[in-house]
Amino acid sequence: GDVSPQRIGIAVRAPVRDIEAAFDVTLRDFVDAQGRRYHAPVETPLIPPELDGLVTAVTGLDARPTERPAFTGPIAAGPAGGLTPAVIDRAYEIEGLRAQGLHGEGQSVAIVSLDTFDADDVAKFDRMAGTSGPRVQRVKVNGGFDRPGDEQDEVNLDIDVIRALAPKAQIINYESPNRSGALANVVDRIVADGKAEIISISWGSCEPLRSSDGLSRMARSLAAAAAAGI
């Protein structure tokens, strides 16, 4: 499949029987508590001896939704009038930048998203907040999304906060299904595209809940992004 230009990842596609034989695993279908079906290996994938020292990690065989959004439910309390740009400026202590007339001009921010958003919601925030800026761009990764799903609130929250902080910046929303290795795959795509100087991620889970392969994969992707000046 694809090879990332930063040369840290190779996408591999093969029939299930070949994957099971190559990595000494058994793939099975499961159903989570929400009734969503996914496949995952019963065992930890083993790197073939002939690739020892060449391959650091194998990820992506587990298709369960692994990442959680920072926003996981209704907001119990908040400032009167909502999270306006003035409130966000105070929260992040950037009022001084406003006094200098800095609003993100010439910058591009990539958002790692595991859902998509409704453009009408962004327009409503602009009207409420009195902001305006470039139209938010969408980039599908691993198929992306055709319509917003259950976690669209998280995507809109990310867009709205960045819109408030840097209204003139170009926001690029990179959208991938939520599964093992998704965050690293999206970061790799952002680096490969070379369009953004900043990456924003609000999804994740605690390190003890991750496999050693997943941690290694993510660390290498972030290191490549840092090496690219992001």
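Modeller: Let us begin with Ser176, which is found in the loop between β6 and α6. Please bear in mind throughout that this is a predicted model.

Colleague: Which residues is Ser176 in contact with, leaving aside its neighbours within four places in sequence?

Modeller: Ser176 is in contact with Ser113, Leu114, Asp115, Val141, Asn142, Phe145, Ala182 and Val186. Contact here means heavy atoms within 4.5 Å.

Colleague: Asn142 is among those residues. What is said of the phi of Asn142?

Modeller: Phi of Asn142 is near 55 degrees, a positive value in a residue other than glycine. Asn142 lies in the loop between β5 and α5. With a relative accessible area of 46%, Asn142 is partly exposed, because that class covers values between the limits of 20% and 50%.

Colleague: Where is Asp24 found, and what makes Asp24 buried or exposed?

Modeller: Asp24 is found in the loop between α1 (16-23) and β1 (27-31). Exposed means over 50% relative accessible area, and Asp24, at 51% relative accessibility, therefore counts as exposed. Asp24 also has a positive phi of about 55 degrees although it is not a glycine.

Colleague: How do you know that Arg138 and Glu175 form a salt bridge?

Modeller: The closest N and O atoms of Arg138 and Glu175 are 3.4 Å apart. The rule asks for a side-chain nitrogen of Lys or Arg within 4 Å of a carboxyl oxygen of Asp or Glu, so the pair qualifies as a salt bridge. This pair links distant parts of the chain, with Arg138 in strand β5 (residues 137-140) and Glu175 in strand β6 (residues 170-175), 37 residues apart.

Colleague: Which class of accessibility does Arg138 fall into, and which does Glu175?

Modeller: Arg138 is partly exposed, with a relative accessible area of 43%. Glu175 has a relative accessible area of 0% and is therefore buried.

Colleague: What separates Asp193 and Arg189 in helix α6?

Modeller: Asp193 and Arg189 are 4 residues apart in helix α6, which means a separation of about one helical turn. They form a salt bridge, the closest N and O atoms being 3.2 Å apart. Asp193 is partly exposed at 27%, and Arg189 is partly exposed at 32%.

Colleague: How far apart are the N and O atoms in the salt bridge of Arg64 and Asp62?

Modeller: The side chains of Arg64 and Asp62 meet with an N to O distance of 2.8 Å. Arg64, at 32% relative accessibility, counts as partly exposed. Asp62, at 17%, lies under the 20% limit and so counts as buried. By the rule for salt bridges, the count comes to 8.

Colleague: What makes α6 roughly parallel to α7?

Modeller: Helix α6 (residues 182-193) and helix α7 (residues 212-227) pack at an angle of about 20 degrees, with their axes 9 Å apart. Angles under 35 degrees count as roughly parallel, and therefore α6 is roughly parallel to α7. The crossing of α6 and α7 is left-handed.

Colleague: Which residues in α6 and α7 meet?

Modeller: Leu183, Ala184, Asn185, Val187, Asp188 and Val191 in α6 meet Arg217, Met218, Ser221, Leu222, Ala224 and Ala225 in α7. The residues of this contact divide into 8 nonpolar, 2 polar and 2 charged.

Colleague: At what angle do α4 and α5 pack?

Modeller: Helix α4 (residues 119-129) and helix α5 (residues 152-165) pack at an angle of about 35 degrees, with their axes 10 Å apart. The contact is made by Asp121, Val122, Phe125 and Asp126 of α4 and Gln152, Asn156, Ile159, Asp160, Arg163 and Ala164 of α5. These residues divide into 4 nonpolar, 2 polar and 4 charged.

Colleague: What does the secondary structure of the protein chain come to?

Modeller: The secondary structure comes to 7 helices and 8 strands. Of the 230 residues of the protein chain, 37% count as buried.

Note on methods:
Residues are numbered from 1 along each chain as its sequence is written. This is a predicted model: local features need pLDDT of at least 70, side-chain atom pairs count only at pLDDT 80 or more; totals for chains, interfaces and linings use all residues. Side-chain values use heavy atoms; hydrogens and water are left out. Axes are lines fitted to C-alpha atoms, for helices over the stretch in contact, and angles run from 0 to 180 degrees between N-to-C directions. Helices (H or I, at least four residues) and strands (E, at least two) are DSSP runs, numbered from the N terminus. Ala, Val, Leu, Ile, Met, Phe, Trp, Tyr, Cys and Pro count as nonpolar, Asp, Glu, Lys and Arg as charged, and the others, Gly among them, as polar. Angles under 35 degrees count as roughly parallel, over 145 as roughly antiparallel, 65 to 115 as roughly perpendicular and the rest as oblique. A crossing is left-handed if the near helix is turned anticlockwise from the far one by less than a right angle, and right-handed if clockwise. Buried means under 20% relative accessible area, exposed over 50%, partly exposed in between (1.4 Å probe, protein chains only).
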